Amino acid sequence: MKNETMKGLLTPGILARRTALAAAVLVAVMFVCSFIGSERISLKAVFYTAPDSTTVNPDHEIFVRVRLPRIILAAIVGAALACSGVTFQALLRNPLADPYILGISSGAALGATIAVLGGFDWTLWGRSPIAVFAFAGGLAAVWLVWSIGRMTGKFYITGLLLAGVVVNAFFSAIIMFLTSIAKSQQVHATIFWLMGNMVEEDFLVLWIGTGCIAGGITALFLISPQLNVLSLGEDDARSIGLNTTGIQTFAFTIAAFITAVAVSLSGLIGFVGLIVPHAIRLIFGPDHRQLFPLCAIIGAAFLVGADTVARTVVAPAQLPVGIVTAIVGGPFFLVLLIKYSRKVHWYK
Amino acid sequence: MSKWLWLLLMIMAWMGLGLTISNSQHKQIKGNQVSPNQISRIVSMAPNLTEILFALGLDNEIVGVTVSSDYPPTAKEKRKIGNFWQPNIEAIMATRPDLVITLGFDQQINLAHRLKRIGYTCLTVRIEKIKDLFEAIDAIGTAVGKQQKAHQLISDIRAKLDNLRALVGRDKTLKVLWVVQREPLRVAGRDTFINELIEIVGGVNAIGPTIHKYPPIGAEQVIACRPDVIIETSEQHQNPPAQLRQAMQYWGRFDNVPAVTNKRIYVIPADVVSRLGPRLSLGAETVARCLRPELFEK
């Protein structure tokens, strides 16, 4: 494989070829993973309906009602987290940034904890109170961090990061307080949610989620040339006439939005937003025009794979997928880091 | 600017399409509502539910149990469908159940919602106190068409508990500290069925009312509540004599607590006393033997 690390070499042809290759990988991963599971199902049994169709065909039902929705969910969540990670790393010019760095995780977790403790019993467009509160909490937290960060003035990136750290710590303390006065059974429900909770979702939920996340990723892709300029440094970007504040605000909003959608769909899944962008950047270079499409597709494939492991490795029980992404993702990332970091200098 | 307009239009069209498709799909509730007498494939989502089902004589109807369902011994041979906190919905569906019984915990209620959405019949019972156990047995009996057997089981358990009550008499002076976990120290509070168990066999919970069901307490409270008896539970994989030795060592530092001075520290198997199921009377008797060993010497 050729390594074109200079972005001048990225032509639409190369981009299209790489995207197509990545898409083929994603389709293959999704296809293989949909036939791996604690219950063995065969392709033939899934699409074959007995002439006397009075009895349900369990293979078909498991495939269509449980496994496929879950794989699609993993794919859209993985895509959202990976692209959001790319955006936060570019805007904060910090390789350690991940989608949760500005308080979304703790805000969402606080929302989810409140929803669990409140014991609400309603649904909003098919979403449980946990999902709704997590979405709202995540957005509220990132808005809070963003406003505090802007108030710190010229060096607001440091201000933002510090505000993120403090808000995360503060919200975590509130979560600890709430869980320590809660009934133990409720705490258990929250803990599993916090480690990433993939379940099969309704058609409409998946459809709307796909729309939000695909729309957000497309919007980020459309501003990727500006993000390329921004990653050189804010002063340089401004000197060539870029409306840096406008682009930053827009990118932050979109990235925060798709992260909040992902979190409300599946809880907190770590590492995807960190390792996928870095892996792609290390292999293909730091041009955002290709980072977004490739990260979206590879992020999707990665989370589908990780979720398949989570579904099957301790069968008949299941693991929260966040454990798998961390265990699989950590060492993989370290190997990539050692192998490629000497060739590429990203974000000096 | 037109690309943004296009993007917005595309997103709106996508959402509109989704709503249209989902509205046109008529929600089909599967017409396989089975009458109680025909239920032949039951999945149990908790060890105590499994025990109730076996006690109702449904040995052949049970097609799936949780990993920790280990009583009666034949339960171990049943197909496993995940554990209590992380149920495997695919495994549940593969057993083709016509009834799935869950407990009233958040995680399990959630599972029941998911299964109902796909079209399975679920029964959720909340078993937190002894009264709930009887109601749950009744509800399960009704759902599977075994009312008579359920009533028999209930009156059987009641009778055994009454016998125990009669045996220990009305004297309720022994203060019991029921230790759930040693480090950090957590004990059973007043709002638990363990508290009921202690009171049935003539004890009183050493810990007063608390906000937690199983409150974490400090050394100060241990000394202040002056328990006459300390009871710890041991999981099956643990070694009770070894745990008793450790317990003696741990509690040894509270040397002015009556339970320690009189060496009244007991370790009892967890499964009979922490599962609220048909073996309740056995659990109560185990506790009674700790509190009033003299009554059982004959």
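With 9 C-beta neighbours inside 10 Å, B:Asp255 counts as exposed, where a residue is exposed if 12 or fewer other C-beta atoms lie within 10 Å of its own, buried if 20 or more do, and partly exposed in between, with C-beta atoms placed from the backbone. The structure is a predicted model, in which local features need pLDDT of at least 70 and side-chain atom pairs count only at pLDDT 80 or more, while totals for chains, interfaces and linings use all residues. Residues are numbered from 1 along each chain as its sequence is written, and chains are lettered from A and ligands numbered from 1 in the order in which they are written.

B:Asp255 is found in the loop between helix H9 (240-251) and helix H10 (258-261) of chain B; helices (H or I, at least four residues) and strands (E, at least two) are DSSP runs, numbered from the N terminus. If its neighbours within four places in sequence are left aside, B:Asp255 is in contact with B:Val260 and B:Thr261, contact being defined by C-beta atoms, placed from the backbone, that lie within 7 Å. From B:Asp255 to B:Ile42 the separation is 213 residues in sequence and 52 Å in space, taken C-alpha to C-alpha.

The domain assignment of chain B gives domain 1 (36-157) and domain 2 (169-296), the bounds coming from an automatic or database domain assignment. The C-alpha centres of domain 1 and domain 2 of chain B lie 29 Å apart, and the contact between them takes 13 residues from domain 1 of chain B and ten residues from domain 2 of chain B. On the domain 1 side of this contact, helix H2 (47-55), helix H5 (130-144) and helix H6 (147-168) of chain B each supply at least two residues, and H2(B) gives the most, with five residues. By class, that side of domain 1 of chain B has nine nonpolar, one polar and three charged residues, where Ala, Val, Leu, Ile, Met, Phe, Trp, Tyr, Cys and Pro count as nonpolar, Asp, Glu, Lys and Arg as charged, and the others, Gly among them, as polar.

Nine of the nine residues of H2(B) are buried, so this helix is largely enclosed by the rest of the structure. The buried residues of H2(B), which include B:Leu49, B:Ile52 and B:Phe54, pack against strand S1 (42-44), strand S2 (62-64), strand S3 (99-103), H5 and H6 of chain B. Just after H2(B), B:Gly57 takes a positive phi of about 75°.

Chain A has 14 helices and zero strands. The radius of gyration of chain A, taken over C-alpha atoms, is 21 Å, close to the 20 Å that the globule rule gives for 348 residues, so chain A is as compact as a globular protein of that length; the rule is 2.2 Å times the number of residues to the power 0.38. Buried residues make up 48% of the 348 residues in chain A. Helix H13 (residues 288-312) of chain A has a kink of about 25°, centred on A:Cys295, the bend at a residue being the angle between axes fitted to the seven residues ending there and the seven starting there. In H13(A), 22 of the 25 residues are buried, so the helix is largely enclosed by the rest of the structure.

Finally, the two chains meet where 33 residues of chain A are in contact with 29 residues of chain B. On the chain A side, helix H3 (58-92), helix H7 (184-194) and helix H8 (203-222) give two or more residues each, with the largest share, nine residues, coming from H8(A).

Notes. Expected span 1.5 Å × (residues − 1).
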